[in-house]
Structures are given as structure tokens and as C-alpha cells.
Amino acid sequence: QVQLVESGGGLVQPGGSLRLSCAASGSVFRINAMAWYRQAPGKERELVAIINNGGSTSYADSVKGRFIISSDSARKVYLQMNALKPEDTAVYYCNANLWRIGTSTSATYWGQGTQVTVSS
């Protein structure tokens, strides 16, 4: 089994900052990439940022220059969110494409989500 556990969501005023964390645990052999998605009410889930095992990153246009994705060797991924706007309000999900121990193909896993609300 593989678990992705997010933390760090909450309520913040416009212009503020939050840092989300996600930790992968369980029978993880190798992580190919980790990402953050978000889903606002009435909207489809969208990719926010992704980082691969080489450290390359990519961002949605709506968050470029404001959000920073990073990871460490402890199988954790972070999303530093700055200059937050009300339209950033959503449930944020951690996502990982990884190899499990003893398997021959990679698979994608999701965290349970953490709410981020940007409001005054």
C-alpha cells in the first residue's frame, strides 16, 4: 500500500501565503514525479504544479510566479503559495506517479485533499 498525506491547508487573506506538504509512505520503491492538483466547487480538477525526479518543474499559467513546488529526498513534496487570490480557493490534492516495491509498472496515487480558502 501507498499513502499520500497532505497538510498545511487553511484560511488565509488575499495576498497571504500558505505552504502545503505531502508525504509519501508505504511500499514506495521509486517516485517518478509528484504534483499538486486543485479542484474548486463546480469546476474540474486541474494541474497546479509538477516536479519530476530530476527536479524539473512545470506550473499552470494561473500560478506562475506565485507558487513554488519543491521536493526532498524524504519523499515529500511542498507547494509554497504566495500572493494568494480568492480564485485560488479549492481543495488541493497531492499526486504521485511511482513504482511500488515488487511491481513492474508505475502507478498514480492521490492524497485525500486539503482545503485552501482565500478570503477576507
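This is a predicted model: local features need pLDDT of at least 70, side-chain atom pairs count only at pLDDT 80 or more; totals for chains, interfaces and linings use all residues.

Me: Which parts of the chain does the pair link?

Reply: The pair links distant parts of the chain, 72 residues apart: Cys22 belongs to strand β3 (residues 18-26) and Cys94 to strand β9 (residues 90-100).

Me: Are Cys22 and Cys94 buried or exposed?

Reply: Burial is read from the relative accessible area, and a residue under 20% counts as buried. Cys22 is buried, and so is Cys94.

Me: Why is the disulfide of Cys22 and Cys94 called left-handed?

Reply: The torsion about the S-S bond is the quantity to read. For Cys22 and Cys94 it is about -80 degrees, so the disulfide is left-handed.

Me: How many bridges pair β7 with strand β8?

Reply: Pairing is read from the bridges between two strands. β7 and strand β8 (residues 76-81) pair in the antiparallel sense over six bridges. Individual partners can then be named: Ser70 has Tyr78 in β8 as its bridge partner, and Ser71 stands opposite Val77 in β8.

Me: What lies between β7 and β8 in the hairpin?

Reply: Three residues lie between the two strands, and Arg75 in the turn has a positive phi of about 65 degrees.

Me: How do β3 and β8 pair?

Reply: They also pair in the antiparallel sense, over six bridges. The bridge partner of Cys22 in β8 is Val77.

Me: What does Lys76 touch?

Reply: A single position is read from its element, its accessibility and its contacts. Lys76 has its place in strand β8 and is partly exposed, with a relative accessible area of 35%. Not counting residues up to four places away in sequence, Lys76 touches Cys22, Ala23, Met34, Ser70 and Ser71. The C-alpha atoms of Lys76 and Ser21 are separated by 7.0 Å, although these residues are 55 residues apart along the chain.

Me: Next, the aromatic residues. How many aromatic pairs are there?

Reply: A pair of aromatic rings is described by the distance of the centres and the angle of the planes. The count comes to two aromatic pairs. Tyr37 and Trp110 form an edge-to-face pair, at 4.9 Å centre to centre and with 65 degrees between the planes. Tyr37 lies in strand β4 (residues 28-39) and Trp110 in strand β10 (residues 106-110), so the pair ties together parts that are 73 residues apart in sequence.

Me: And what are the values for the pair of Tyr93 and Trp110?

Reply: This pair is edge-to-face as well, with 6.5 Å centre to centre and 85 degrees between the planes. Tyr93 in strand β9 and Trp110 in strand β10 are 17 residues apart. Ring pairs link Tyr37, Tyr93 and Trp110 into a cluster. Within it, Tyr93 counts as buried at 14% relative accessibility, while Trp110 counts as partly exposed at 38%.

Me: Which charged end sits over the ring of Trp110?

Reply: The charged end of Arg45 does, 4.6 Å from the ring centre. Elsewhere, Arg19 lies over the face of Tyr78, at 4.1 Å from the ring centre.

Me: Finally, is Asn32 buried or exposed?

Reply: Asn32, in strand β4, is buried, with a relative accessible area of 18%. Leaving aside its neighbours within four places in sequence, Asn32 is in contact with Asn52, Asn53, Asn97, Leu98, Trp99 and Ser106.

Definitions and conventions: Residues are numbered from 1 along each chain as its sequence is written. Side-chain values use heavy atoms; hydrogens and water are left out. A disulfide is a pair of cysteine sulfur atoms within 2.5 Å. Helices (H or I, at least four residues) and strands (E, at least two) are DSSP runs, numbered from the N terminus. Buried means under 20% relative accessible area, exposed over 50%, partly exposed in between (1.4 Å probe, protein chains only). Two strands pair if DSSP finds at least two bridges between them. Contact means heavy atoms within 4.5 Å. Rings of Phe, Tyr and Trp (its six-membered ring) pair if their centres lie within 6.5 Å; planes under 30 degrees apart count as stacked, over 60 as edge-to-face and the rest as tilted. A charge sits over a ring if NZ of Lys or CZ of Arg is within 6 Å of the ring centre and within 35 degrees of the ring normal.
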